[in-house]
Amino acid sequence: MDPSIQPPREPNFALYQKECFLLSQRGSHPDFSTRPDKLEELAKEKLSQGGWLYASCNAGIGWTDRANREAFYKYRIVPRMAVDTAARDTTIELFGHKINAPVLFAPIGINKIYHPQGELNAAKVAGELKIPYCLSTAGSQPIEDVAKVNGDAPRFFQLYCPHDEELEDSLLQRAWNSGFDVCIMTLDTWQLAWRHEDISQSNYAFYRGIGAEIGLTDPVFKKRIQEAGLDPNNSEDMPKIGEKWIDNVWHGRRSRNNRLAALVKKWKKLSNGRPFLVKGIQHVDDARKAVEIGCDGIVVSNHAGRQVDGAIGSLEALPEVTVGDKCTILFDSGIRTGADVFKALALGAKAVLVGRLYVYGMGIAGEAGVRHVMKSLLAEFDILMNCAGVKKIDDINKSHLRK
Ligand SMILES: Cc1cc2nc3c(=O)[nH]c(=O)nc-3n(C[C@H](O)[C@H](O)[C@H](O)COP(=O)(O)O)c2cc1C
Ligand SMILES: O=C(O)C(=O)c1ccccc1
């Protein structure tokens with residue numbers, strides 16, 4: 001290709017297309033696919049039964065998961081021609097950070113059930129790609145270790161609000177000290193939903209002590225363990241420690257939503273005013289409430305269809321949540337392709353979070369799998385922008401979509 005046709009620019013995700021072409025010509029294309037359905041099949045083959053079940057499990061009979069995908073199908077892109085898109089720009093500014101694409105790693109708990117290095121795989125790749133990594137409170141690697149491999153890319157911390165306030169303070173402080181400068185509190189998962197497959201297989205890793213790593217490295221939680229006479233060095237105590245972690249973080253007895261405003265203030269004070277978001281919003285009134293209590297953004301999400309069975313597709317909620325002039329709107333649940341990213345942006349999202357896709361990549365090939373999946377998604381999105389006649393992210397709007 002004549003380099004003058006495509007002026008050099010950073011990042012050029014579309015180049016990954018060429019990399020894939022060449023690798024497959026040499027017969028050395030990695031054993032993963034660029035098709036999301038195929039990735040899912042490969043992940044199913046590679047993952048442990050428990051890992052696969054946990055990643056793929058939905059609330060109830062899976063109707064919300066289906067609705068998430070169907071919502072994308074209902075919108076079609078209207079490509080535009082005669083736009084000079086040779087030098088596209090996929091970068092955006094998000095909460096003061098310049099990032100390479102409007103895509104984030106969604107917070108996903110207990111990654112060690114997908115790969116021994118767990119969250120480190122994804123945090124490392126996020127750092128390379130310069131897109132934000134969001135660590136879950138239910139992560140299976142300590143906050144500090146995740147930060148170390150993430151380089152200088154932005155880091156967000158997802159909070160499952162502990163009912164132990166001292167523990168909450170400690171988690172937020174640790175996150176802040178480790179450079180996580182945006183806090184996202186998840187509102188849709190005060191308990192795990194009725195998920196048939198997980199229930200029938202008793203598939204809850206945290207009751208086997210996996211997923212309590214952030215607790216086990218926390219001074220306050222360590223004190224709680226000691227007070228309960230439990231020993232983290234004794235493997236027989238691990239199920240009880242896991243249970244204690246879950247009980248401290250989720251099965252909260254403290255009143256919930258009326259504490260939110262105080263939590264926003266707490267984070268703002270600790271972080272000198274850095275952003276606080278709530279995740280799991282599907283109704284405009286809840287979005288307005290979030291703005292009222294001082295949130296800087298919301299994540300329109302239904303937790304990948306894992307919480308309320310029979311709910312609307314998350315993308316259906318996106319155009320209804322009309323607070324885009326008052327706060328930043330992020331979106332997730334069901335993103336599988338570059339076109340999906342494009343549609344969510346056209347409907348008002350500033351950026352999207354990706355969950356299962358990268359989990360499947362991790363299950364297939366650890367860090368290399370995450371890298372492949374995310375680079376493929378970003379390349380596909382970049383190339384779609386070129387083909388659909390869009391030069392930069394801000395140019396994507398409702399006029400590019402038809403329902
Ligand atoms: C296996 C799995 C674990 C998850 N764990 C968390 C979590 O710990 N905290 C959280 O806020 N959301 C969690 N989520 C929800 C994701 O952050 C995100 O909302 C969702 O995965 C996006 O949909 P997608 O997977 O279709 O991209 C989890 C989702 C999955 C699939
Ligand atoms: O399974 C989930 O959806 C989730 O949010 C979670 C909660 C606790 C531990 C791991 C994941």
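**Core, helix packing and ligand surroundings in a predicted model**

Good morning. Of the 119 residues in the largest nonpolar core of this predicted model, those that touch the most other members are Val103, Ile298, Ala344, Ala349, Val352, Val354 and Tyr358. By nonpolar core I mean a set of buried Ala, Val, Leu, Ile, Met, Phe, Trp, Tyr and Cys residues joined through C-beta atoms within 7 Å. Helix 16 gives the most to this core, namely 16 residues.

Some conventions are needed. Residues are numbered from 1 along each chain as its sequence is written, while chains are lettered from A and ligands numbered from 1 in the order in which they are written. Because this is a predicted model, local features need pLDDT of at least 70 and side-chain atom pairs count only at pLDDT 80 or more, whereas totals for chains, interfaces and linings use all residues.

Let me turn to individual residues. Leaving aside neighbours within four places in sequence, Val354 is in contact (C-beta atoms, placed from the backbone, within 7 Å) with Val103, Phe105, Ala106, Ile335 and Leu377. Ala351 is found in strand 11; strands are DSSP runs of E with at least two residues, helices are runs of H or I with at least four, and both are numbered from the N terminus. Is Ala351 buried or exposed? Ala351 is buried, because 24 other C-beta atoms lie within 10 Å; the cut-offs are 20 or more for buried, 12 or fewer for exposed, and partly exposed in between. By contrast, Arg288, in helix 13 (residues 284-292), is partly exposed, with 16 such atoms within 10 Å.

Next, helix packing. The axes of helix 2 (residues 36-46) and helix 16, lines fitted to C-alpha atoms over the stretch in contact, with angles from 0 to 180 degrees between N-to-C directions, come within 8 Å and cross at roughly 95 degrees. The two helices are therefore roughly perpendicular, a term covering 65 to 115 degrees. The residues of this contact divide into eight nonpolar, two polar and two charged. Here Asp, Glu, Lys and Arg count as charged, Ala, Val, Leu, Ile, Met, Phe, Trp, Tyr, Cys and Pro as nonpolar, and the others, Gly among them, as polar.

Finally, the ligands. Around ligand 2 the shell includes Gly109, Thr189 and Arg306, and its residues divide into four nonpolar, four polar and one charged.

Terms used:
Near = placed C-beta within 6 Å. Contact = placed C-beta atoms within 7 Å. Parallel < 35°, antiparallel > 145°, perpendicular 65-115°, else oblique.
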